[in-house]
Amino acid sequence: MRVEEGFQPIPFLEDNPYASDPVLPSLLQRILPPSVFQEIEPDLNRFGADVITSCVYSCPVLLQIALTDVFIIPAIRAMGSGTRISPPTLTQYDQWGRRVDELQTSEGWRALKAVSQREGIPGIFYERKYQEHSRTYGFAKVVLMVGDSHEVFCPLSMTDGSARVIELLGSEEMKEMKEKILPRLISRDPDVAFTSGQWMTERPGGSDVSQTETVATPTGSNNAFGPQYTLDGFKWFSSATDSHISLALARTGTLQSGSRGLSLFLVPLQLPLLRDPTSPAPSSTSNNILVHRLKSKIGTHALPTAELSLAGAEAYRIGAVGQGIKSIAPVLNITRVWSATASIGGLRKCLAMATAYARVRSVRSGTLLLQDAPMHVAQLASVGVTYRALVHLTFGVIRLLGKTECGVASGGEMGRLRMLTPTVKAFAAEKACAGMEEAMTALGGAGYMEENGFGRSIRDSLVEKIWEGTTTVLALDLARAAQDPATLKAFVDWVQAIQTSCPPDLQSDLQEPLSLLTAALSELSTSLPKPIAPLVPRPALMLTGYIASLAFLLEHAVWSHARRGSEGATDAEVVRRWALEGGMGAAIEDVRKARLDGDRRVVENSLIVFGEARAKL
């Protein structure tokens, strides 16, 4: 039999990722002012179509085809397909043995970066046309595109964080940095826009920067961009190696002073940093930065990640001497929120593919579509509940970030943001990766094929469990935040206020989930204050994620219930299932065991992993 003969599988077709999304349209309608929602929704619909179909711009972009005075470019998804996207390459030496370190990225990578910048990512956040709601608008676009972005949002997230640092810390001595570099970081014009990296990780410590070896030496002069230094050291992970600048931690104090001896610097990748666009590009080694090698990673293959030697690289201090950790904190907080959006965006794409497949795949001799098979739909519904919970949690944190940046957040809201930033990053990564695997298996063998994108999506999403802090590192950060009684109280009061807002008939309908939420809140309030048991932080982070996501879902269900629309019953059912079937009960028990039986478990853990000899040490 020829392949063209016999049964022919029907390819699935995805719908507009915004219009068909089960969460975003109603969520945005609730949290945005009506005028803002009415203005941005057409753009989100247009952008959703651009992700999977061709898009039109009135100015030149990469991959362009001229048509009168407009330019048609392939769908965003198509930019990263086939041979357009590939891993970066590094040429360290030229024919004559000279060190050149020429980094070449793929056409698709550059096109995806350009279309993102043109769409206002991250420019929307700093134009602030919609004030505190600008974060919600911009991140809605990120969620729609991230599944097809090939991790181009990694450099753009760090660009966002770097822009925020300069915006906050740009002093009089850094006037030109604020006037000339900040506008390029947030520009919508790819021809002039800058991207930024972030260099913290070194060989001694990973997320622990206290043993940073890179040394900053003052030159004794002030550059137009700020106090000038030279940096000497080795950076172990530098994502976005193709960026124009990077923020880097370097030691201005002694090694014994640990993290208190670190300061923050802006490092140009090439010199001169600002030049006439018609001038030849400077040498890749013009600022004494050498690429030791490109990293070979499990995923994020199109993203250039490298090991770098700094051998007298010119840099400009940002912020006060010895305040490096504090100065770079906005980058960490912003990129952690970006990481959460990457997790939910990857899950969105996988769930959309599984749902589309269920509409066309038939079983039982072709008499039954998967969309009509109860067990199959139950599997998709379980993933869908997780997706809804993570989207509501993530956009709840995004709203707090927008309010804080625009100076309209209350003290309680800033406290919640402090607790939920590490939580949302870790919780979304843990839950989304599992959900993506479930969505993949819903296609059977077809899901395991590389062509459909499941494999890349899962591989790329695994990095969200690691970069900007593993779950354990973030759990310790949450524990530090919760040591402040006012911060923990603000979180508890917020959850209780949402519970109180439930009308009596909805309270009656959701009695069991609400009781479990109360029990979870009680266990968390008991476990996080000082002294905190050594094994509590990690399960406490997961429980915090469950509590916060359930609270946001409940808040939406109350709104939906008040509207008396058809979605009200579904939103209430999502609250019920997430509370009773999503894992909250087990999370409560995990925290309780860590709190009451932690010391014994520490010993037993060592025996299980290392054996008797290690346990006696």
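**Aromatic contacts in the predicted model**

Residues are numbered from 1 along each chain as its sequence is written, and side-chain values use heavy atoms, without hydrogens and water. The model is predicted: local features need pLDDT of at least 70 and side-chain atom pairs count only at pLDDT 80 or more, whereas totals for chains, interfaces and linings use all residues.

The structure contains 14 aromatic pairs (rings of Phe, Tyr and Trp, the last by its six-membered ring, with centres within 6.5 Å; stacked if the planes are under 30 degrees apart, edge-to-face if over 60, tilted otherwise). Phe-139 and Trp-338 make an edge-to-face pair, with 5.3 Å between centres and 75° between planes. Phe-139 belongs to helix 6 (residues 134-145) and Trp-338 to helix 9 (residues 324-360), 199 residues apart; helices are DSSP runs of H or I with at least four residues, numbered from the N terminus. Both Phe-139 and Trp-338 are buried.

The ring centres of Tyr-546 and Trp-578 are 5.4 Å apart and the planes lie at 35°, so this pair is tilted. Because Tyr-546 is in helix 17 (residues 537-563) and Trp-578 in helix 18 (residues 567-581), the pair ties together parts 32 residues apart in sequence. Tyr-546 is buried, at 4% relative accessible area.

Ring pairs also join Phe-125, Phe-139, Phe-153 and Trp-338 into a cluster.

Definitions and conventions:
Helices (H or I, at least four residues) and strands (E, at least two) are DSSP runs, numbered from the N terminus. Buried means under 20% relative accessible area, exposed over 50%, partly exposed in between (1.4 Å probe, protein chains only).
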